[in-house]
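Please consult the sequence and the structure while reading.

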Amino acid sequence: MTRRQIHLAAHFPGVNNTTVWTDPAAGSQIDFSSFEYFARTAERGLFDYLFLAEGLRLREHRGQLHDLDVAGRPNTLAILAALAAVTEHIGLVGTLNTTFNEPYELARQLGTLDLLSNGRAGWNAVTSSDAFHGANFRRGGYLDHADRYVRASEFAELSKALWSSWRDDAIEADAETGTFLRAGAIARVRRASRLFDVDAVFDVPRSPQGRPVIVQAGDSADGRDFATAHADVIFSLHTEFADAQQFYRDVKGRLTAHGRDEDSLKILPAATFVLGDTAAEARERSREIALAQVRPQTAITYLEQIWNRDLSDYDADGPLPDVEPDTGVETAQGFAGRHAAIRARVGQLRDQAAAENLSIRELVIRLTANHTFVGTPEHVAFEIDRYVQERATDGFTVVGHVTPHGLDEFADRVVPLLQERGSYRRSYDEGATLHDLLGLPAVRERVTAP
């Protein structure tokens, strides 16, 4: 029986508390040498692509930067362009927002990266509607929450139309006749809607893979619909086996409505890992890493954002607050559901803490730093393979806890075991595009004559 092949992405986190920057082995989050080292390690491990996470604004709490987290990141597209020059095979995927960008400009930037990297570019399309991020763009909360995926869907449609508006053989460059472009080689792209008014002739030729791979990270019903209509990869949070299988069935089942088959969309959940020579050693390492990821102030800050209260007098290693959350003025029109949801969430957290006898910090660790795979390399390889063979995922987006060395152990100790199982490539195919690495069908969008 042919074994399903495992697909792996390498996650370089953005603004976050996943990365333990205080670890003695941690390096810079900013120097290009860190990105280059990480990319070369991922390529040595034969990963499908490198994935840059990004936040549009540093995390703040009570008007102050939460500098216990990693904070700050150079521009995503600039990093990926530089990495294209120092890598040969690995895909290059960046997180870029559909709310605070414009289709033509972003499609042009990504199309350029795709062309110059010989078909290795990808776009993690994310949405936003809140005024906190919008303040950076002098737009505030201008986009209704319900319109996030309306805009994202139109944005993706426009981007794909622009990328496909050039014929593969558009450039003739015949010096004798003086003809540079073939007749009808570029289609004009027009769209007039409530959110966009575009009349464009795109200026970037098609790349070897036709267009960048589209990744999507939303988990709501709207997010799943967007993914099955437009995305090639889903970056999900479903890592518990039964839950992952259910998510896999739900999302893959939606594809037929869009004329797509199971292999046209890959599901690659985020997965953290901790290795040890024995299971006990791995569990102890996992505990130590989690404590470094969720320090006392981080745990209190996490609860304050739910309770909407100052909880600084509470001990992070003590029980959950006995005070009720501040849900604001409950008579405010349209907010009754939100108030009920906050109270329900606090109730769930209290029930979980009581049932498992968890302190504040232990609860937050359970919610935010519960590592996906903990054990010997043999155990981790077995589990990754099991998820893929039994259709819980198509692979994983691997997240390390230190930068830039977070992938070293995985590439050296887990990848060879996956190869021995016959579930993972032993080399890159020469000239393979990111679509090829992911086993995606060829891009069928083609130019429509003007």
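## Arginine 391 and other backbone exceptions

Arginine 391 counts as partly exposed because its relative accessibility is 38%; buried means under 20% relative accessible area, exposed over 50%, and partly exposed in between, with a 1.4 Å probe and protein chains only. This residue has a positive phi of about 55 degrees although it is not a glycine, and it lies in the loop between α12 (377-389) and β16. Helices (H or I, at least four residues) and strands (E, at least two) are DSSP runs, numbered from the N terminus.

The model is predicted: local features need pLDDT of at least 70, side-chain atom pairs count only at pLDDT 80 or more, and totals for chains, interfaces and linings use all residues. Residues are numbered from 1 along each chain as its sequence is written, and side-chain values use heavy atoms, leaving out hydrogens and water.

Most residues other than glycine have a negative phi, and most peptide bonds are trans. Asparagine 308, which is not a glycine, has a positive phi of about 60 degrees; its place is the loop between α9 (296-307) and α10 (336-356). The peptide bond from threonine 403 to proline 404 is cis, with omega near 5 degrees, and proline 404 is found in the loop between β16 (395-399) and α13 (408-420).

## Nonpolar cores

A nonpolar core is a set of buried Ala, Val, Leu, Ile, Met, Phe, Trp, Tyr and Cys residues joined through side-chain atoms within 4.5 Å. The largest one has 79 residues, and those with the most contacts inside it are Leu8, Phe47, Trp123, Ile384 and Phe410. Helix α5 (residues 148-163) gives the most to this core, with 7 residues. A second, separate core of 19 residues includes Ala290, Ala316, Ala353 and Ile360.

## Strand β11 and its partners

Strand β11 (residues 213-216) is covered on both faces: Val213 and Val215 on one side, and Ile214 and Gln216 on the other, are all buried. Two strands pair if DSSP finds at least two bridges between them. Strand β6 (residues 121-126) runs parallel to β11 and is joined to it by 4 bridges, with glycine 122 opposite valine 213. Strand β12 (residues 233-234) also pairs with β11 in the parallel sense, over 2 bridges; there, valine 233 is the bridge partner of valine 215.
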